[in-house]
Amino acid sequence: MTFSKTGDRKTPGAKIPATVITGFLGAGKTTMIRNILENADGRRIALIINEFGDLGVDGDVLKGCGAEACSEDDIIELTNGCICCTVADDFIPTMTRLLEREGRPDHIVIETSGLALPQPLIAAFNWPDIRTQVTVDGVITVVDSAAVAAGRFADDHDKVDAARAEDDNLDHESPIEELFEDQLTAADLIVLNKTDLLDAAGIEAVRREVASRTTRKPMMIEAANGAVPASVLLGLGVGTEDDIANRKSHHEMEHEAGEEHDHDEFASFVVELGPIADTTAFVSRLKEIVSAHDVLRLKGFADVPGKPMRLLIQAVGTRIDPYFDRAWAAGEVRRTRLVVIGLHDLDEAAVRAAIVAAAA
Ligand SMILES: Nc1nc2c(ncn2[C@@H]2O[C@H](COP(=O)(O)OP(=O)(O)OP(=O)(O)O)[C@@H](O)[C@H]2O)c(=O)[nH]1
């Protein structure tokens, strides 16, 4: 086994390498992390997971995977908002506690929310208490190649102008496009994921499009279902915290004076439902709702009567992927809860009512 300059777990006092995994909503971050945990090559990994929306779906999926590299105790969920805005209150204390624990991990993997700016998180690794003990092994940005090919991140100038005319508070050009570029700008490695959904020419076009969205030239690799060997993803040995000045986000460039970044352009809410008897009809109605209201992401678990397993429902754009992920545990309350994420003008009442009607 080879170790990076930062990653030699056998060297006493060596800094613990931390890999930051970012990428827009539904790009495949959790899927890739699951793959890392299942192929960790003996490393003990601590996982910090941050989600947008009040439902810890990713943590729950990963806790259910039972990989030896990462016990449930080593999975820490940060649920008080996006990690980029809660660095001081949430991330730093979490890291400090993690570092004080007995049996320190060989590697730390941090999954940002799909709406997080990675830059403030990377900067946090320069805080004195953290810097002496941990280093950013690398920032990996996962890209939904199918969404890029479908134009999800292309600027629709008419739509953006209309939105800004309606709402003076919108200071960004296009929140989705900006975030996409900020996440690419932070990357040491870009994983063009979901290549199974495109042909060779489509992948090539995505590669060109992604390259044109960042002035830096990080390495790009292709993947389907996040299947990249852990040995490629872990051990990059970059020390990214020393290079943050070269990876400024749009927000940092626009507000050097220090205006706070926020997520006002996005909204999320949780819908709680009863058991879902006809899952086929429900999923097909969800597809229509997601499309009609331009929902960016929908995910959660459903209680299907008569089934011992819980149904994991994942929607990224109009692609919906339902599957039974694990058995309901003894004593666990079987319930159906979905988190819905969209742009700030998402009509929550209408979407909520439509989902409730779909479940009836
Ligand atoms: N076809 C296809 N589907 C994929 C691939 N990778 C992930 N998915 C699916 O895409 C959906 C979202 O995957 P996740 O891994 O949860 O994405 P994420 O980036 O963690 O999502 P958020 O944390 O909500 O931003 C799930 O239904 C996955 O099964 C891929 O390479 N190909």
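Let me start with a term: a polar contact is a pair of N or O atoms within 3.5 Å, and within protein one of them must be able to donate a hydrogen and the other to accept it, with residues adjacent in sequence counting only if both atoms are side-chain atoms.

A quick word on what we're looking at. This is a predicted model, where local features need pLDDT of at least 70 and side-chain atom pairs count only at pLDDT 80 or more, while totals for chains, interfaces and linings use all residues. Residues are numbered from 1 along each chain as its sequence is written, and side-chain values use heavy atoms, with hydrogens and water left out.

So, which residues come nearest to the ligand? Out of 21 residues around the ligand, those are K29, T30, T31, N225 and K299; being near takes a heavy atom within 4 Å.

Now the contacts. An oxygen atom of the ligand sits 2.7 Å from an N or O atom in the K299 side chain. For the D321 side chain, an N or O atom is 3.0 Å from a ligand oxygen. On its own the ligand has 650 Å² of accessible area, and the protein covers 92% of that (Shrake-Rupley method, 1.4 Å probe).

Where does the shell come from? α1 (29-38), β9 (297-302) and β10 (309-316) each supply at least two residues, and α1 gives the most, with 3. Helices here are DSSP runs of H or I with at least four residues, and strands are runs of E with at least two. Domain 1 (16-256) and domain 2 (266-359) both give residues to the shell, so the ligand lies between them; the bounds come from an automatic or database domain assignment.

Last topic, the backbone. Most residues other than glycine have a negative phi. N225, not a glycine, has a positive phi of about 55°, and its place is the loop between β7 (219-222) and α10 (230-233). D41 isn't a glycine either, and has a positive phi of about 55°; look for D41 in the loop between α1 and β2 (45-50).
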